[in-house]
Amino acid sequence: RVIGPIHRVIGPNHGVISPDHRVRSPNHRVRGSDHRVIGPNHRVRGPNHRVIGPNHGVISPDHRVRSPNHRVRGPDHGVIGPDHRVRLAGPWLHTCSGRSESPYVMSIIRATALPLLISTLAVSAQARVAPHKPSVPAFTTTATNDATKKPALNSSSKSGSAILRAQILLDRAHCSPGEIDGRYGGNTRLAVTEFNLSHGIAAGANVTVATWDALNVDAAPVIVPYTLTAADVAGPFVVNPPEMIDKSKLPALGYGSIAEELGERFHISPALLQTLNRGIAFDKAGVVIQAPDVARPALPKTAGMSIRVNKHRTTVEVIDAKGLLLASYPATIGSVHDPLPIGKWKINGVAWDPSFNYNPDLFWDAEAADKKAKIPAGPNNPVGVVWIDLSKPHYGIHGTPEPSTIGKTSSHGCIRLTNWDATELAKVVTPGMPAILEQ
């Protein structure tokens, strides 16, 4: 007697008997001299003894599984798919009331069970030792140096080598993206907008084929090898305390690490620099790393130049006598408490590596217990490596100890740039040059 998944008993005369021993036809009828028995779950098809059902593969007399995907399935178990993984536990056929399966079905089970088990174990073992395909790095030197690729870049673009290439080329073209981070963020969109406008490309903040063609006029590699020197690794590197009074006690406010030092030199996020050099420690002279080539050609000093600070765009621009853009930098400009002093001012002069005189009376967020303090010079000084003094008292354009925050935070009224952008600007300004601060 064959016991089906719904526990119906099919007897010697091929009638269908339910647990209450009643014949359940008309959907289970005996069909003709070939003893064909047809039911909703198990159909026996004539003298070739093929067993067919929605939960079973087709098994022929040679004991091979005949379904196209080689699946053997039962009501509560199965060996599924070409990988032969067993998905459920349990017998192939249910038994009821102690009755056993038919001898023919049992022969099929005995003939196929052991080979199938061996095959399952073998394939499963192979799957466990199969090598894992490594993922492609988001940034590579080869991809970043590839000038033949010209993908469209816009505000929906993710990080990657193409964005990194565009940022380095923009930096060298004096349309600074701020700290190079491989992302198509706000500062990069500003830089692209300024570059497109200055080159007559109607693409706004998007990098198009025309933008790439203009950028790639600069054909030098954008990522190059750099060998660490003894001076690079010597430091000294210092932990810079957060409180002004504690800063004032240090001899200088130098870099906190070699990664920070190299990040400033190459205008790049220290984290991205480390990503470009996976597995390489920046701790010994002679170590070769891959770094952006951000050497900029010197800006020309010409008569009639002016500085324009735009509050809405959060940019500082160098304009020539004809009104053409020579350079553009992202900036942090004022705050609600200390708004940008709109108007026409002049450049008084430049102070390199300045100390900073902290006066809590001039800072709305100063603590009541804060006292005046003189903060020593250094790249981590509150005004960075240079101060460009404006004719408006207490206001200037200066660097920063935190380049990643430029354009993303507020200031105490001054105009804050990355140290490298402030350095380039300081080299072209002269006393008396107009500085126009506009909305």
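Which residues are buried in helix α8 (residues 258-265)? Keep in mind as you look that this is a predicted model. In α8 you'll find Ile258, Glu261, Leu262, Gly263 and Glu264 buried. For a bit of background, an α-helix makes a turn every 3.6 residues, so residues three or four places apart point the same way.

What covers the buried residues of α8? The cover includes two strands, β12 (223-227) and β13 (288-292). It also includes the helices α6 (230-234), α9 (270-276) and α10 (419-426). Once you get past the end of α8, look for His267, which follows the helix and has a positive phi, near 60°.

Is Thr405 buried or exposed? Thr405 is buried, because its relative accessible area is 18% and the cut-off for buried is under 20%. Its side chain reaches the backbone oxygen of Glu402, at 2.8 Å.

Gly407 is another matter to check: with a relative accessible area of 35%, Gly407 counts as partly exposed, because that label covers values between the 20% and 50% cut-offs. Which residues does Gly407 touch, leaving out those up to four places away in sequence? They are Asn187, Ala331 and Thr332.

Technical notes
Residues numbered from 1 in each chain as written. Predicted model: local features only at pLDDT ≥ 70, side-chain atom pairs only at ≥ 80, totals over all residues. Heavy atoms only, no water. Buried < 20%, exposed > 50% of the residue type's maximum accessible area, 1.4 Å probe, protein only. Helix = DSSP H or I, 4+ residues; strand = E, 2+ residues; numbered from the N terminus. Contact = heavy atoms within 4.5 Å. Polar contact = N/O pair within 3.5 Å; in protein donor to acceptor, adjacent residues only side chain to side chain.
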